[in-house]
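Student: I would like to go through this model with you, starting with one of its pockets. Could you bring it up?

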Amino acid sequence: MSGPRVVVADDQALVRTGFRMILTADGIDVVAEATNGAEAVDAVRRTRPDVVLMDIRMPELDGLEATRRILGAGPGGPRVLMLTTFDLDRYVYAALSAGASGFLLKDVTPEQLTAAVRLVRTGDALLAPAITRRLVERFARRDEAASAVHRDLAALTPRELEVLRLLARGSSNAELASSLSLSEATVKTHVARILGKLQLRDRVQAVVVAYETGLVSPGEG
């Protein structure tokens, strides 16, 4: 597999330049830069990247609306990682509900940045599960009208519901396997079926859906 192709969207030139240097040095191709959300949407349409690093607060069109437009264009789109200065940010939660695959703090280390870009491309990992869970617990179900479209969990088997419940609490595949006395391969199969049945892009959306549908309640653990 070749290295991921990335679009960097941020209104600060210093941030874009810094991220480009870090990614390029690690063999990751930055195919375009954008200074606002509208440019980001256009850049994705032109270059078809694997990953978009998307600042939340940008002029003209913010990162949240740009994410909605990019991911609303249909399947096969890029993974979106939100860039933020504050981890417990309601806009980050709204972005996850809209389909973003995770988020990074802007003071991320070079090693964390390149690892995150490579990891999110696979769609197999939940970035910063503890922080993601705190974020979802803080904001899920606070604004029903703005939440992601309710998905019927009736399509899931009892075992799949059990896996989703544990996944939403931040369990890794290894922890899921241990809790349920299953192999990691079997756990991965269950997770893949859950994502397929609920038409979700990755594990982050599964966590959001588990809270928004009431399968898991904030503070449950």
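Student: Which helices each supply at least two residues of the lining of the second largest pocket?

Tutor: In this predicted model, those are helix 2 (37-47) and helix 3 (63-71).

Student: And which helix gives the most to that lining?

Tutor: Helix 2 does, with 3 residues.

Student: How many residues line the second largest pocket, and which lie nearest its centre?

Tutor: The lining has 16 residues. Nearest the centre are V44, R48, G76, G77 and P78.

Student: How do the lining residues divide into nonpolar, polar and charged?

Tutor: There are 7 nonpolar, 3 polar and 6 charged residues in the lining of the second largest pocket.

Student: How much space lies in this pocket?

Tutor: The second largest pocket holds about 350 Å³.

Student: Let us turn to backbone angles. What is phi of S181?

Tutor: Phi of S181 is near 55 degrees, which is a positive value in a residue other than glycine. Most residues other than glycine have a negative phi.

Student: Where is the place of S181?

Tutor: S181 sits in the loop between helix 8 (173-180) and helix 9 (184-198).

Student: Is S181 buried or exposed?

Tutor: S181 counts as exposed because its relative accessible area is 67%, and the cut-off for exposed is over 50%.

Student: What about phi of Q199?

Tutor: Q199 also has a positive phi, near 55 degrees, and is a residue other than glycine. Q199 lies in the loop between helix 9 and helix 10 (203-212).

Student: Buried or exposed, in the case of Q199?

Tutor: With a relative accessible area of 70%, Q199 is exposed.

Student: Changing topic, where is R138 found?

Tutor: R138 belongs to helix 6, which covers residues 129-139. The relative accessible area of R138 is 39%, so this residue is classed as partly exposed.

Student: What separates the C-alpha atoms of R138 and D89?

Tutor: A distance of 9.4 Å separates them, while R138 and D89 are 49 residues apart along the chain.

Student: Now the whole chain. How many helices and strands are there?

Tutor: The chain has 10 helices and 5 strands. Of its 221 residues, 48% count as buried.

Student: Among contacts between residues at least 6 apart in sequence, what share joins residues at least 24 apart?

Tutor: That share is 69%.

Key: Residues numbered from 1 in each chain as written. Predicted model: local features only at pLDDT ≥ 70, side-chain atom pairs only at ≥ 80, totals over all residues. Heavy atoms only, no water. Helix = DSSP H or I, 4+ residues; strand = E, 2+ residues; numbered from the N terminus. Buried < 20%, exposed > 50% of the residue type's maximum accessible area, 1.4 Å probe, protein only. 1 Å grid on protein atoms, 1.4 Å probe; cavity = no way out; pocket = protein on both sides within 12 Å on 5 of 7 lines; lining within 4 Å. Points joined across faces, edges and corners; volume = space filled by probe spheres on them. Nonpolar A, V, L, I, M, F, W, Y, C, P; charged D, E, K, R; others polar. Contact = heavy atoms within 4.5 Å.
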